[in-house]
Amino acid sequence: MPDKKITTTSGIEIKEVYTGPSAMNELPGEFPYTRGIQKDMYRGKPWTMRQYAGFSTAEESNKRYHYLLSQGTMGLSVAFDLPTQIGYDSDHELAEGEVGKVGVAIDSLKDIEILFDGIELRNITTSMTINATAAILLCMYIALAKKQGADLKQISGTIQNDILKEYAARGTYIYPPESSMRLITDVFEYCSKEVPKWNTISISGYHIREAGSTAVQELAFTLANGKTYLKAALTKGLDINIFAKRLSFFFNCHNNFFEEIAKFRAARRMWAHITKELGATDPGAQKLRFHSQTGGSTLTAQQPMNNIVRVSNQALAAVLGGTQSLHTNGYDEALSLPTEAAAKIALRTQQIIAFESGVTDTVDPLAGSFFIESLTDEMEKAAQVYIDKIDAMGGSVKAIEQDYMQQEIASSAYQYQNDIESGDLIIVGVNKFTQQEPAQTNVFRVDDSIRKHQIEKLVLLKNSRNNSAVDKALQQLKQVATGKENLMPYILTAVECYATLGEISDILRSIFGEY
């Protein structure tokens with residue numbers, strides 16, 4: 001197929017890629033992929049516009065998914081509530097006050113069936129932001145795909161499944177690091193055979209940045225964690241050329257426009273070298289593919305409409321940096337979960353960048369800029385210093401156990417806050433250009449009655465399911481957890497008998513302990 005001709009509004013032809021007189025004659029789609037992982041990038045197809053949603057009950061979230069799909073979103077991204085993230089059912093005493101608040105409450109396969117009601121899993125890609133209980137939720141998704149008659153070899157999506165950053169930055173871990181790593185590598189191994197198009201981990205810098213790290217620390221700690229997962233998979237006997245193709249990354253896109261673009265370019269280049277050093281020879285296994293989300297911590301409750309401009313800037317940087325998939329935050333997210341109106345503006349922001357700005361017409365438009373090239377090199381150099389230090393400690397697990405990453409992030413967060421308080425760093429509407437504002441009225445709130453509704457569903461479920469089949473499945477899982485066998489088939493069996501998320505997590509707690 002001949003390359004389509006693209007021109008500016010004045011009729012000037014735009015080339016697919018520009019190479020300068022500098023050393024930047026490297027091409028997109030070629031090692032080390034600084035300029036992008038595809039030869040034609042967005043000229044071929046745009047990034048996936050993926051809106052993150054999930055709140056209250058599966059019924060309510062299902063309505064929001066149908067709404068987003070009707071507005072042109074291309075992939076779903078599921079947010080789970082806190083009890084679901086840490087392995088408690090909605091009726092657990094520790095779940096009180098948290099059910100359905102920061103995401104959707106999922107207690108059993110029944111809830112997943114409701115969540116995706118009227119949505120064919122074979123036709124969409126789904127990203128699930130879940131870590132400690134990722135194996136269980138993935139099994140629920142697989143169980144539903146089987147019920148819908150989908151070909152498991154064809155379904156695709158991503159589970160975050162990145163437990164290392166939970167210890168370093170976010171806190172929703174359950175088990176000690178060693179047992180957690182076992183669960184993660186079990187998912188890698190199982191999916192490589194049964195669900196080969198599924199991305200089994202999204203190595204996440206996003207939360208490291210939200211916890212207060214610098215851009216360089218986000219880059220370094222994320223790649224160091226990625227390296228640790230690669231080594232764990234190699235130890236399990238997986239082939240890096242097959243397995244590394246199913247890794248994806250998840251980065252934050254913060255305020256400093258050029259630094260963020262340079263960060264993404266440096267990340268691709270560094271990862272290409274890391275995978276190559278560990279034995280990857282297939283180009284697909286050397287490419288860093290990433291989802292990005294605009295910076296939640298940059299959103300202000302003061303003058304919230306200003307956030308529309310912040311999000312636009314950040315989204316544009318992610319696109320110029322070559323993202324594969326993007327979520328744009330709602331302008332009201334510093335106040336609450338986004339309202340439907342805010343979610344729509346967020347999606348429209350991506351659509352305007354894609355179809356009106358012209359930035360998708362050529363690949364890596366900023367390449368060859370003295371500033372961008374120099375900044376990309378500087379980011380790489382600074383991040384490498386951290387990675388070398390973590391390697392010397394014995395890798396990410398050891399660095400986390402020694403509190404190294406946590407301390408580095410905390411000290412950067414403290415510095416950032418100091419700079420805002422002293423006025424060295426200007427945040428528009430917060431420490432400069434401020435004004436008196438009326439209280440926000442149109443704020444999205446999740447009602448506490450959801451917990452009652454979830455508990456009623458749990459009672460019904462436990463009265464109607466085959467409880468002896470559940471007990472048998474849970475006992476089998478317990479036995480296998482004491483050995484070395486892959487846990488995924490046993491979790492899947494338990495899920496299919498409608499064992500709850502809490503019951504399965506408790507079995508694993510009884511063997512692995514809690515951290």
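In which hand does α11 pass α13, right or left? The crossing of α11 past α13 is right-handed. This is a predicted model. Helix α13 covers residues 306-320 and comes within 8 Å of α11, axis to axis. Helix α13 also packs with α14 and supplies at least two residues to the lining of the largest cavity.

**α11 with α13**

- Helix α11 spans residues 257-277, and its axis crosses that of α13 at roughly 30 degrees.
- An angle under 35 degrees counts as roughly parallel, so α11 and α13 are roughly parallel to each other.
- On the α11 side, the contact is made by Phe-257, Glu-260, Ile-261 and Phe-264.
- On the α13 side, the residues are Asn-313, Leu-316, Ala-317, Ala-318 and Leu-320.
- By class, this contact of α11 with α13 has seven nonpolar residues, one polar and one charged.

**α13 with α14**

- Helix α14 runs over residues 340-356.
- The axes of α13 and α14 are 10 Å apart, and the packing angle is about 45 degrees.
- At that angle α13 and α14 are therefore oblique to each other.
- The crossing of α13 and α14 is right-handed.
- From α13, the contact takes in Ile-308, Ser-312, Ala-315, Leu-316 and Val-319.
- From α14, Ile-345, Thr-349 and Ile-353 take part.
- The contact of α13 with α14 holds six nonpolar and two polar residues, with no charged ones.
- Leu-316 of α13 is listed in the contact with α11 and also in the contact with α14.

**α5 with α21**

- Helix α5 (residues 134-147) and helix α21 (residues 501-512) have axes that come within 10 Å.
- Their axes cross at roughly 140 degrees, which makes α5 oblique to α21.
- Only an angle over 145 would count as roughly antiparallel.
- Helix α5 passes α21 in a right-handed crossing.
- Ile-136, Leu-137 and Met-140 make the contact from α5.
- Leu-501, Ile-504 and Ser-505 make the contact from α21.
- The residues of the contact of α5 with α21 divide into five nonpolar, one polar and no charged.

**Cavities**

- Rolling a probe the size of a water molecule over the atoms shows where empty space is left.
- How many cavities of 30 Å³ or more does a search of the whole structure find? The search finds six.
- The largest cavity holds about 100 Å³ of space.
- This largest cavity is lined by 15 residues.
- Closest to the centre of the largest cavity are Tyr-42, Val-319, Val-363, Asp-364 and Pro-365.
- Helices α1 (41-44) and α13 each supply at least two lining residues.
- The lining of the largest cavity divides into seven nonpolar, five polar and three charged residues.

**Backbone exceptions**

- Most residues other than glycine have a negative phi, and most peptide bonds are trans.
- The peptide bond from Phe-31 to Pro-32 is cis, with omega near 0 degrees.
- Pro-32 is found in the loop between β2 (13-14) and α1.
- Helix α1 is also a contributor to the lining of the largest cavity.
- Gln-303 is not a glycine, yet Gln-303 has a positive phi of about 45 degrees.
- Where is Gln-303 found? Gln-303 is in the loop between β10 (290-294) and α13.

Definitions and conventions: Residues are numbered from 1 along each chain as its sequence is written. This is a predicted model: local features need pLDDT of at least 70, side-chain atom pairs count only at pLDDT 80 or more; totals for chains, interfaces and linings use all residues. Side-chain values use heavy atoms; hydrogens and water are left out. Axes are lines fitted to C-alpha atoms, for helices over the stretch in contact, and angles run from 0 to 180 degrees between N-to-C directions. Helices (H or I, at least four residues) and strands (E, at least two) are DSSP runs, numbered from the N terminus. Angles under 35 degrees count as roughly parallel, over 145 as roughly antiparallel, 65 to 115 as roughly perpendicular and the rest as oblique. A crossing is left-handed if the near helix is turned anticlockwise from the far one by less than a right angle, and right-handed if clockwise. Contact means heavy atoms within 4.5 Å. Ala, Val, Leu, Ile, Met, Phe, Trp, Tyr, Cys and Pro count as nonpolar, Asp, Glu, Lys and Arg as charged, and the others, Gly among them, as polar. On a 1 Å grid over the protein atoms alone, a cavity is a set of points where a 1.4 Å probe fits but cannot get out, and a pocket is an open set with protein on both sides within 12 Å along at least five of seven lines; lining residues have an atom within 4 Å of a point. Grid points are joined across faces, edges and corners, and a volume is the space filled by probe spheres set on the points.
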